[in-house]
Structures are given as C-alpha cells and as structure tokens.
Amino acid sequence: MNIRKLTYLAMMLAIIMVLSFIEHTLPSPLPIPGVSLGLSNIVVMYCVFFFKPRDAFALTILKAGFVALIRAPTAGLLSLSGGLLSVLTMAILVYVFRGKLSYIAGSICGAVAHNMGQLLAASALTGTAMTLYYFPVLIVSGIIFGIVTSLTLTALLPVFRRLFKEKK
Amino acid sequence: MRANRKIWNGSDGILVLSLLLSALIVWLLYARFSKSDELSADIRLNGEVVMTVPLDAGKVFSLDRLPNVTFEVKDGKIAFVHSDCPDQICVHSGFLSVSGQTAACLPNRVAIRVRGKTPDMVDAAV
C-alpha cells in the first residue's frame with residue numbers, strides 16, 4: 001500500500017468517525033435497535049465504488065472499533081455486523097453488475113443490508129428474534145435512507161474527487 | 001474509474017417494487033398469523049427468559065437483577081416505561097400489544113416479546 005492510498009484511507013476513516021459521532025448525537029429516527037440513517041455509509045459507499053472492497057471492509061472494522069469506544073461494546077458489535085453485511089452486499093453487486101449498477105440501487109441494497117445486519121446482531125445479543133417483525137420497516141426505511149445517502153454521495157462526488165483524485 | 005455510473009437505472013424501479021412487495025408479504029403474513037388471545041410477554045435478559053408476564057392485569061415492575069429498567073403492563077399491552085440507557089430506543093418503542101411484537105434495550109441486554117397462549121408460526125422462524 002503506497003503512502004497516497006494510506007493517506008486517503010486515513011482521511012476517509014477520519015470523516016467516517018466524525019459522521020458517526022454526529023449521527024450518534026442525533027435522536028434515533030425509528031425506535032428499532034440498530035436502525036440508523038447511516039451518514040458514514042456515504043464514505044464507505046464511495047470507498048466500495050471507487051476503491052477496493054477490502055479497503056471498505058477495513059474501514060468498516062475500524063469504524064466499529066471507534067463506535068465500541070465512544071458508545072458501548074454492544075453498539076460496536078451492531079455496527080460491525082451491519083457494516084460488514086452492507087459492504088459485502090454492495091461489493092457483490094458492484095462485482096456482478098459493474099458499471100451498470102446505479103448509485104441508488106447499490107445504496108438501497110447496502111442500507112437494507114446494514115439495518116438487517118444490525119438487527120440480526122441485536123436479536124442474537126438479546127436472544128429475541130426481531131428481524132421478521134421489523135422486516136417491512138427495514139425495507140421501507142432502507143429504501144428511503146438509501147436514496148438519501150446515494151443522492152448525498154453523488155452531490156459530494158466532486159468534493160471527494162478533489163480530495164482523493166487530484167492527480168493519478 | 002467508473003465515472004459514467006448512473007444515479008438511477010431504468011431497472012431500479014423493479015428492485016424497489018420487489019423490495020416493497022416482499023415487505024408487504026411479510027407484513028400480511030404477520031397480520032394473518034398473529035394472535036390476540038390470552039397474550040403474555042417473555043422478558044429476556046442476556047438471552048434467557050427471566051420472566052413471563054400475562055398482559056391482562058395492570059402493573060408497573062422491575063426485574064430484581066435490573067432495577068434501573070421499569071416495565072408497565074396495562075390493558076393487554078406492555079412497554080418499557082423507564083430505562084437508564086442513553087438512547088432510549090426501548091422507551092420510544094411504546095406499548096406492544098400484538099403477538100410477535102418485540103422491543104429491546106441493547107445497552108441493558110433486555111428484550112420483550114409478546115406471544116399468544118400457543119406458540120405462533122413466527123416463533124419458529126427467525
């Protein structure tokens with residue numbers, strides 16, 4: 001890994017940490033464990049689309065560590081479960097559909113997978129199956145959050161390009 | 001570098017519609033199979049059932065092992081009414097009154113699940 005890439009990933013992680021901290025200070029959008037807006041997913045999604053999936057996995061694991069530190073180990077575990085499932089889903093979609101995958105489709109699937117992963121971890125931690133009951137809510141909120149984050153990402157792309165791609 | 005990636009593809013409508021359809025199917029199945037006879041609620045702490053409360057008598061109580069969380073049962077419903085956790089997701093979940101409905105307080109590792117007298121289909125599934 002060269003220094004340029006290392007710097008890029010470190011900057012992305014810094015942005016992720018700030019966004020995830022801001023998100024945790026906001027009230028939860030829905031009273032369901034693990035359902036969140038996913039502000040920091042904007043950066044993770046950018047990483048999946050423009051860098052290698054394994055870089056996005058690394059960012060996800062580091063982000064979960066950060067969440068565990070500032071919140072609680074359980075919150076870190078939820079973040080890890082949701083994050084890994086989300087990156088895995090988006091990475092598979094990018095691999096299968098390549099350039100034909102739209103930002104919105106990738107983002108919606110990523111958001112649904114993210115909240116599903118968090119809820120699966122919450123179910124495992126409490127020994128209470130919650131995924132099926134909340135499934136319809138997860139889908140609808142995933143579609144809405146996915147559209148919001150993908151539109152934000154496309155609006156921010158010029159900024160990201162300047163930050164991360166000024167010269168090749 | 002895939003700079004020509006589209007924001008929205010024509011086929012994305014199919015994706016959104018099929019996701020919504022699957023949500024609708026699960027919701028309808030839930031509505032069809034949920035029971036309303038003699039409801040009770042399982043309270044689980046760290047994954048094991050520590051208490052089963054019938055939802056017919058009203059009361060406010062806490063678990064001995066978890067005095068900082070308060071539950072309330074009234075009129076066939078149960079809710080977290082107080083918790084010392086930071087996010088208050090459990091309290092905001094409100095009253096649960098349908099079998100299969102759940103609410104959880106992750107920081108305290110405690111969850112409620114409403115069920116009918118007989119096990120329902122949803123208990124078997126994840």
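Buried residues account for 39% of the 126 residues in chain B. The model is predicted. The accessible surface of chain B amounts to about 6,800 Å². Carbon and sulfur atoms supply 58% of that surface. Contacts in chain B were also sorted by sequence separation. Of those between residues at least 6 apart, 34% link residues at least 24 apart.

Chain B contains three helices and seven strands. Along the sequence, these elements follow the pattern α-β-β-β-β-β-α-β-β-α. Four of the strands form an open sheet in the order E2-E1-E7-E6, with antiparallel pairing. Strand E2 (48-54) and strand E6 (102-105) of chain B stand at its edges. Each edge strand has a single partner strand, so one side of each lacks a neighbour in the sheet. The twist from one strand to the next averages 20°.

Strand E1 of chain B covers residues 40-45. Five of the six residues of E1(B) are buried, so the strand is largely enclosed by the rest of the structure. E1(B) pairs with E2(B) in the antiparallel sense, over six bridges. Within this pairing, B:Ala41 has B:Val53 of E2(B) as its bridge partner. B:Asp42 is likewise bridged to B:Thr52 in E2(B). E1(B) and E2(B) form a hairpin with two residues between the strands. In that hairpin, B:Asn46 takes a positive phi near 55°.

E1(B) is also joined to E7(B). These two strands run antiparallel and are connected by six bridges. B:Ile43 stands opposite B:Ile112 in E7(B). B:Leu45 has B:Val110 of E7(B) as its bridge partner. E7(B) is mostly covered, with five of its six residues buried.

The pairing is antiparallel and runs over four bridges. One of the bridged pairs joins B:Ala104 to B:Ala111 in E7(B). The hairpin of E6(B) and E7(B) has four residues between the strands. B:Arg109 lies in this loop, between E6 and strand E7 (110-115) of chain B. B:Arg109 is not a glycine, yet its phi is positive, at about 55°. B:Arg109 counts as partly exposed because its relative accessibility is 28%, which falls between the 20% and 50% cut-offs.

A further positive phi occurs at B:Asp75. Phi of this residue is near 50°, and the residue is other than glycine. B:Asp75 is found in the loop between strand E4 (66-74) and strand E5 (77-83) of chain B. Is B:Asp75 buried or exposed? B:Asp75 is exposed, because its relative accessible area of 65% is over the 50% cut-off.

In chain A, helix H4 comprises residues 73-97. Just after H4(A), A:Arg98 takes a positive phi of about 50°.

A:Ser86 is placed in helix H4 of chain A. A:Ser86 is buried, because its relative accessible area of 2% is under the 20% cut-off. Which residues does A:Ser86 touch, not counting those up to four places away in sequence? The contacts are with A:Gly110, A:Ala113 and A:His114. A polar atom of the A:Ser86 side chain lies 3.1 Å from the backbone oxygen of A:Gly110.

Definitions and conventions: Residues numbered from 1 in each chain as written. Chains lettered and ligands numbered in written order. Predicted model: local features only at pLDDT ≥ 70, side-chain atom pairs only at ≥ 80, totals over all residues. Heavy atoms only, no water. Buried < 20%, exposed > 50% of the residue type's maximum accessible area, 1.4 Å probe, protein only. Polar contact = N/O pair within 3.5 Å; in protein donor to acceptor, adjacent residues only side chain to side chain. Contact = heavy atoms within 4.5 Å. Areas by Shrake-Rupley, 256 points an atom, 1.4 Å probe, with all protein chains shown as cover. Pairing = 2+ DSSP bridges. Axes fitted to C-alpha atoms, helices over the stretch in contact; angles between N-to-C directions.
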